[in-house]
Amino acid sequence: MGEREEDTEEAWLQLRPVEPLPSQCCGGGCSPCVFDLYHRDLARWEAARASNDRSLLSGQKSQSCPSKLSPETFLAFHISAMDKLTKDTYCVRFALPGNSQLSLQPGQHLILRGVVDDLEIQRAYTPISPANTEGYFEVLIKCYQTGLMSRYVESWRVGDTAFWRGPFGSFLYKPNQYGELLMLAAGTGLAPMVPILQSITDNADDETFVTLVGCFKTFEGIYLKTFLQEQARFWNVRTFFVLSQENSLEQLPWSYREKTRFGRLGQDLVEELVGCCRRKPFALVCGSAEFTEDVARCLQCAGLTGDSYFLF
């Protein structure tokens with residue numbers, strides 16, 4: 001007797017997992033990565049094929065419609081608001097069912113999936129809303145002229161659906177774990193700092209000092225000004241700004257003049273910041289790859305060892 005149609009070689013090959021494209025990896029070192037998931041599903045498919053038992057593939061099917069956030073599979077969220085903060089940066093709000101919470105630890109991130117010109121892409125973003133926010137979460141997204149994900153994001157309208165998986169991230173903040181956090185952020189690298197800072201100021205028992213340094217091109221380009229001003233009123237929080245394309249203090253509001261420097265975050269300023277911390281700092285760094293690499297080198301020269309800073 002011949003093989004049943006569903007057991008033919010061609011039928012099995014149609015069930016074989018498709019290897020991801022490089023564009024489908026966000027490059028953030030997530031675990032599981034999209035390639036990890038592919039190799040897991042491939043091993044499951046090979047075992048099922050070898051024993052000619054399709055029931056062994058059911059593990060994949062059980063993950064196809066998750067009811068809550070999962071690192072392995074994407075979940076759909078509706079866009080409920082989209083605010084343009086600057087000419088190229090948006091704060092996007094995604095609805096959560098009922099009054100549910102996203103349940104991320106401060107500083108953890110998610111992976112967004114997009115499709116542009118039939119090409120699937122994935123990128124990592126950190127929600128900026130407090131971890132205990134009910135009914136929604138918010139993400140800061142900067143769009144670039146030549147970015148594929150940027151094209152996808154700029155096509156969004158309120159009511160559209162976006163797909164996320166997670167959470168990811170190996171830095172998990174615990175109250176009073178460090179004497180002082182020195183947060184060094186460039187542009188949207190501010191995002192992972194926001195929920196960590198919020199969790200500290202929301203907790204009356206957390207006595208961690210925070211020095212937050214935001215690096216931007218211009219004063220107008222500073223994200224979340226109101227939030228940062230509110231946070232700086234807490235007894236244990238200081239904020240500083242480094243503006244690379246400004247050169248006149250007179251153009252800044254009075255409240256910013258004493259805490260703003262011009263130029264770039266270089267060795268001298270990093271050493272000054274480390275030196276003026278009230279306790280031995282643990283540094284958190286987030287920005288472009290070049291920024292992160294440069295700042296890590298500056299921190300080492302300022303006397304911080306590898307276990308005294310974390311690079312997002």
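Which residues does Leu284 touch, not counting residues up to four places away in sequence? The list is Phe171, Leu181, Leu182, Met183, Leu184, Met193, Ile196, Phe310 and Phe312; contact here means heavy atoms within 4.5 Å.

## What you're looking at

This is a predicted model, where local features need pLDDT of at least 70, side-chain atom pairs count only at pLDDT 80 or more, and totals for chains, interfaces and linings use all residues. Residues are numbered from 1 along each chain as its sequence is written, and side-chain values use heavy atoms, with hydrogens and water left out.

The protein has 9 helices and 12 strands. Both are DSSP runs numbered from the N terminus: helices are H or I with at least four residues, strands are E with at least two. Of the 312 residues, 46% are buried, meaning under 20% relative accessible area with a 1.4 Å probe, protein chains only. The exposed surface comes to about 16,300 Å², with carbon and sulfur atoms supplying 49% of it; that area is from the Shrake-Rupley method with a 1.4 Å probe. Take the contacts between residues at least 6 apart in sequence, and 70% of them join residues at least 24 apart.

## The antiparallel sheet

Two strands count as paired if DSSP finds at least two bridges between them.

Strand β1 (residues 75-86) is joined to β2 (residues 89-95) by 6 bridges, and Ala81 has Arg93 as its bridge partner in β2. Strand β3 (residues 109-116) pairs with β4 over 7 bridges, with Arg113 partnered by Gln122. β3 and β4 make a hairpin with 2 residues between them, and Asp117 in the turn has a positive phi of about 50 degrees.

## The parallel sheet and its helices

Another open sheet of 6 strands runs β10-β9-β8-β7-β11-β12, and here the pairing is parallel. Its edge strands are β10 (260-262) and β12 (309-311). Neighbouring strands of this sheet are turned by 15 degrees on average, direction ignored. β8 pairs with β9 (residues 237-243) over 7 bridges, and Thr239 in β9 is the bridge partner of Leu212.

Helix α8 (residues 267-275) packs on this sheet, touching β7, β8, β9, β10 and β11, and its direction makes about 155 degrees with that of β7. Helix α9 (residues 289-301) lies across β7, β8, β11 and β12, at about 160 degrees to β11.

Leu224 lies in the loop between β8 (209-216) and α6 (225-231). Leaving aside neighbours within four places in sequence, Leu224 is in contact with Leu85, Ile128, Leu190 and Val194. Leu224 and Leu85 are 139 residues apart in sequence, yet 8.2 Å apart in space, C-alpha to C-alpha.

Note on methods:
Buried < 20%, exposed > 50% of the residue type's maximum accessible area, 1.4 Å probe, protein only. Axes fitted to C-alpha atoms, helices over the stretch in contact; angles between N-to-C directions.
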